[in-house]
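Work through the exercises below with the sequence and the model in view. Each task is followed by a solution in steps.

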Amino acid sequence: MPQTQNVTAIVTKADDYRENDRIIRLFTMEGGMMRATVRGVKKHGAKLKFCAQPFALCSYELARRGEYYTVVGASQIESLFDITFDPVRYAVGCILLEASDVAVDEIPNPRLFVKLLKTLKALVYGGNNDPYLIGAKYMIAALDEQGYGSAYEGSGKTEKLLHTLRANTLDKVGEISVEKAASLAALKAVARSVEYHFDRRLFSLLSL
């Protein structure tokens with residue numbers, strides 16, 4: 001029998017595969033980024049459909065079959081899909097998933113996993129908090145975790161705002177008051193730093 005393991009994970013990406021399957025990228029608490037196949041998930045009434053789409057937060061049972069893992073079971077931990085109800089928060093959330101996908105490898109990074117989870121919850125339940133600042137705060141953390149904490153050095157207004165975000169905790173981000181144009185500029189600036197340092201384009205940025 002294939003060896004199985006259980007992981008807690010957030011789906012960062014899902015691609016159709018073959019006629020009824022899907023390949024998902026999992027940012028796991030235990031093993032960093034992992035890739036797994038979910039078989040038959042595109043069929044009508046598929047039981048695992050809930051765990052094979054971006055923003056899914058689940059406990060996964062994975063079986064190793066050859067080079068890849070296969071999802072053989074899953075249970076939802078918490079629903080984060082309300083993020084899709086607001087177009088701006090959804091767009092920011094997609095950028096964060098994509099940034100995680102390029103910044104995290106197979107090495108476990110539980111601290112960044114927790115930060116992503118808290119950030120997505122802040123987007124879902126953050127009320128009137130600025131989603132651009134929330135998103136920029138997470139990508140600052142992603143750069144810090146990989147040793148790029150000085151990626152946005154400078155004395156301009158955007159760089160000063162990024163340093164303010166870095167110096168504050170996530171729960172204090174709501175107390176930072178700036179115009180939407182400034183917060184959006186900050187998000188785009190730190191996203192460009194992610195693109196530069198990890199040599200990968202963040203296509204979700206095109207939605208802003």
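A residue is called buried if its relative accessible area is under 20%, exposed if over 50%, and partly exposed in between (1.4 Å probe, protein chains only). Helices (H or I, at least four residues) and strands (E, at least two) are DSSP runs, numbered from the N terminus. The model is predicted, with local features needing pLDDT of at least 70 and side-chain atom pairs pLDDT 80 or more, while totals for chains, interfaces and linings use all residues. Residues are numbered from 1 along each chain as its sequence is written, and side-chain values use heavy atoms, leaving out hydrogens and water.

**Exercise 1.** Find the buried residues of helix α4 and state what they pack against.

Step 1. Helix α4 covers residues 157-167, and its buried residues are Leu-161, Leu-162 and Leu-165.
Step 2. These residues lie on the same side of α4, because they cover an arc of only 100° around the axis; the arc is that of the directions from the helix axis to the C-beta atoms.
Step 3. On the face turned away from the buried side, α4 carries the exposed residues Lys-160 and Ala-167.
Step 4. Contact means heavy atoms within 4.5 Å. The buried residues of α4 pack against α3 (131-145) and α5 (180-198).

**Exercise 2.** Check the length of α5, then describe its buried residues and the residue just after it.

Step 1. The expected span of a helix is 1.5 Å times one less than its number of residues. For the 19 residues of α5 this gives 27 Å, and the end C-alpha atoms are 27 Å apart, which agrees.
Step 2. Among the buried residues of α5 are Ala-186, Leu-187, Val-190, Val-194, Glu-195 and Phe-198.
Step 3. The partners of the buried residues of α5 are α1 (87-103), α3 and α4.
Step 4. Just after α5, Asp-199 takes a positive phi of about 55°. Most residues other than glycine have a negative phi. Asp-199 is exposed, with 69% relative accessibility.

**Exercise 3.** How are the axes of α2 and α3 arranged, and which residues make the contact?

Step 1. Two packed helices are described by the angle between their axes and the distance between the axes. Axes are lines fitted to C-alpha atoms, for helices over the stretch in contact, and angles run from 0 to 180 degrees between N-to-C directions.
Step 2. The axes of α2 (residues 110-125) and α3 come within 10 Å and cross at roughly 175°.
Step 3. The two helices are therefore roughly antiparallel (angles over 145 degrees; under 35 is roughly parallel, 65 to 115 roughly perpendicular, the rest oblique).
Step 4. The contact includes Leu-112, Leu-116 and Leu-123 of α2, and Ile-134, Tyr-138 and Ala-142 of α3.

**Exercise 4.** Is Arg-18 buried or exposed, and where is it found?

Step 1. Arg-18 is in the loop between β1 (4-17) and β2 (21-28).
Step 2. With a relative accessible area of 63%, Arg-18 is exposed.
Step 3. Arg-18 has a positive phi of about 55°, although it is not a glycine.
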